[in-house]
Amino acid sequence: MSGTTALLTDQYELTMLTAALRSGTAERRAVFEVFARHLPAGRRYGVVAGTGRLLDAVEAFRFDADTLAFLRERDVVDEPTAEWLAEYRFTGDIRGYAEGDCYFPNSPILTVEGTFAEAVLLETVVLSILNHDCAIASAASRMAVAAGGRPMIEMGSRRTHEQAAVAAARAAYVSGFTTTSNLEAGRRYGVPTAGTAAHAFTLLHDSERHAFRAQLDSLGDGTTLLVDTYEVERAVRTAVELAGPALGAVRIDSGDLGMMARRVRAQLDGLGATGTRIMVTGDLDEYGIAALAAAPVDGYGVGTSLVTGSGAPTASLVYKIVARADGPGADAPMRPVAKRSTGKPSRGGRKSALRRLDGHGTACAEVVTTGEPQPGGRDRLLQIPLVTKGEVVGREPLSAARDRHTAALAELPATALQLSRGEPALPTEFVDGGPRH
């Protein structure tokens with residue numbers, strides 16, 4: 001990530017820092033946790049995504065000369081605070097659920113420990129990355145499950161902010177999408193890219209036949225031809241006439257997709273193009289994809305619903321202080337702290353988590369403890385080191401997160417994969433493990 005990420009924050013982080021420096025509490029050790037009090041209504045699990053982007057952002061969180069000049073000009077901070085920020089480096093520890101894993105209400109998906117001053121400044125950038133990416137990945141996972149192994153292309157770039165589009169493509173890939181239309185996601189994160197032609201290309205030419213011929217000459221017979229600009233049956237006949245049975249695929253973008261897919265499949269088979277695949281696009285979400293399960297559809301393209309979280313555009317994650325030291329210094333005693341606000345309570349104490357599995361290897365509970373975790377033989381510890389003493393230690397290939405998500409889904413009970421509204425697939429059990437603050 002190029003440039004500093006230090007201003008991807010809310011002003012109150014800096015006003016709290018200024019006040020804490022004046023009161024002498026800025027250097028107290030503190031523990032912050034990221035968790036969701038609940039999943040979006042009716043959802044049965046969430047997906048952790050954005051961890052790799054978050055690690056890049058933490059490394060780039062520096063207050064350079066231009067950033068400090070802006071803060072001074074706006075009187076956001078006083079001079080002692082500006083001088084402190086000039087030397088800012090996060091030197092603490094971050095642990096969290098590995099990217100691609102699933103989470104549930106109150107899962108401690110990220111734990112940030114350092115001085116209050118160091119850790120509080122990361123709140124907004126942490127939440128902005130994780131809230132977006134977890135929401136997209138959670139929706140994408142439901143869509144991939146509904147697709148039943150059929151390939152899926154993410155194509156929502158034009159329906160969201162240009163940088164959100166790149167992040168969405170990455171998060172969708174973690175959760176099972178096959179490719180993206182977004183080239184920056186391919187360059188930046190290595191997500192496989194794909195794309196052929198839109199209706200504009202057909203309309204540019206004097207006839208549909210001329211448009212198809214041009215595309216076939218350019219991309220080869222294995223390309224995907226868009227067949228619903230005018231009349232689908234005629235377009236399919238023309239496509240096979242020009243490409244022969246080697247035609248890669250046709251795409252349908254409108255109408256009753258299930259009915260059209262059945263008609264097109266019959267027509268393709270009748271023309272001898274039995275190997276030509278049928279791709280469908282057009283305002284699909286997980287429910288629309290599931291409704292096409294019995295249709296002869298070979299792949300899906302999803303845009304708007306994917307990049308907006310399919311009705312849940314945020315994961316509703318929060319970043320809360322759960323423990324703090326009584327004074328400065330590494331040896332100062334730590335004490336749990338928690339909000340008691342009505343409707344927004346939190347639980348004090350630094351936590352760990354494990355996923356409890358039954359004798360069949362199926363997850364049956366999310367166990368959150370304030371003590372050292374005591375995993376049984378079938379339990380899986382969930383938090384891993386991401387940053388240790390300010391150094392990133394948890395960076396990994398995106399493919400590892402993708403593989404992890406496949407494994408995490410496989411251990412959930414079957415009810416987790418239902419699209420019908422329901423309770424979280426696993427209960428969250430709290431265990432007071434003693435003085436681990």
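Is Asp101 buried or exposed in this predicted model? Asp101 is buried, with a relative accessible area of 2%, where buried means under 20% relative accessible area, exposed over 50% and partly exposed in between, computed with a 1.4 Å probe on protein chains only. Residues are numbered from 1 along each chain as its sequence is written, and side-chain values use heavy atoms, with hydrogens and water left out. Because the model is predicted, local features need pLDDT of at least 70 and side-chain atom pairs count only at pLDDT 80 or more, whereas totals for chains, interfaces and linings use all residues.

Figure 1. The chain has 15 helices and 19 strands, which are DSSP runs numbered from the N terminus (helices H or I, at least four residues; strands E, at least two). Its C-alpha trace spans about 80 × 60 × 35 Å along the principal axes, and buried residues make up 52% of the 437 residues. The chain is divided into domain 1 (11–136 + 312–431) and domain 2 (196–297), with bounds that come from an automatic or database domain assignment; the C-alpha centres of these two domains lie 45 Å apart.

**Figure 2. The annotated span, residues 7–131.** An unreviewed UniProt entry carries the annotation "domain: Nicotinate phosphoribosyltransferase N-terminal" for residues 7–131; UniProt positions are given in the numbering used here, feature names are shortened, and annotations may be inferred rather than shown by experiment. In the model, the span is 42% helix and 19% strand, and its end C-alpha atoms lie 18 Å apart.

**Figure 3. The salt bridge between Asp101 and Arg355.** The closest N and O atoms of Asp101 and Arg355 are 3.0 Å apart, and the contact counts as a salt bridge, defined as a side-chain nitrogen of Lys or Arg within 4 Å of a carboxyl oxygen of Asp or Glu. Asp101 lies in the loop between S3 and S4 and Arg355 in strand S14 (residues 352–357), so the pair ties together parts of the chain that are 254 residues apart in sequence. Arg355 is buried, with a relative accessible area of 0%. Both residues belong to a network of salt bridges that also links Glu366, Arg380 and Glu411, and the structure holds 25 salt bridges.

**Figure 4. The salt bridge between Arg170 and Glu99.** In this pair the closest N and O atoms are 2.6 Å apart. The pair links distant parts of the chain, with Arg170 in helix H7 (residues 162–174) and Glu99 in the loop between strand S3 (93–97) and strand S4 (102–103), 71 residues apart. Arg170 is buried at a relative accessible area of 6%, and Glu99 counts as buried at 5% relative accessibility.

**Figure 5. The salt bridge between Arg265 and Asp269 within a helix.** The side chains of Arg265 and Asp269 meet at 3.1 Å, N to O. Both residues lie in helix H12 (residues 257–270), four residues apart, about one turn of the helix. Arg265 is buried, with a relative accessible area of 14%, whereas Asp269 counts as partly exposed at 36% relative accessibility.

Figure 6. The largest pocket has a volume of about 990 Å³. On a 1 Å grid over the protein atoms alone, a pocket is an open set of points with protein on both sides within 12 Å along at least five of seven lines, a cavity is a set where a 1.4 Å probe fits but cannot get out, and lining residues have an atom within 4 Å of a point. Grid points are joined across faces, edges and corners, and a volume is the space filled by probe spheres set on the points. The pocket is lined by 34 residues, of which Ile153, Met155, Ser181, Arg251 and Thr281 lie nearest its centre. Among the elements that give two or more residues to this lining are strand S6 (152–154), helix H9 (199–204) and strand S8 (224–226). The lining divides into twelve nonpolar, 16 polar and six charged residues, where Ala, Val, Leu, Ile, Met, Phe, Trp, Tyr, Cys and Pro count as nonpolar, Asp, Glu, Lys and Arg as charged, and the others, Gly among them, as polar.

**Figure 7. The two cavities.** A search of the whole structure finds two cavities of 30 Å³ or more. The largest cavity holds about 40 Å³ of space, and helix H6 (residues 123–147) gives the most to its lining, with three residues. The second largest cavity, with about 30 Å³ of space, is lined by Tyr45, Arg142, Val145, Ala416, Leu417, Gln418 and Leu419; Tyr45 is also one of the residues that line the largest cavity.
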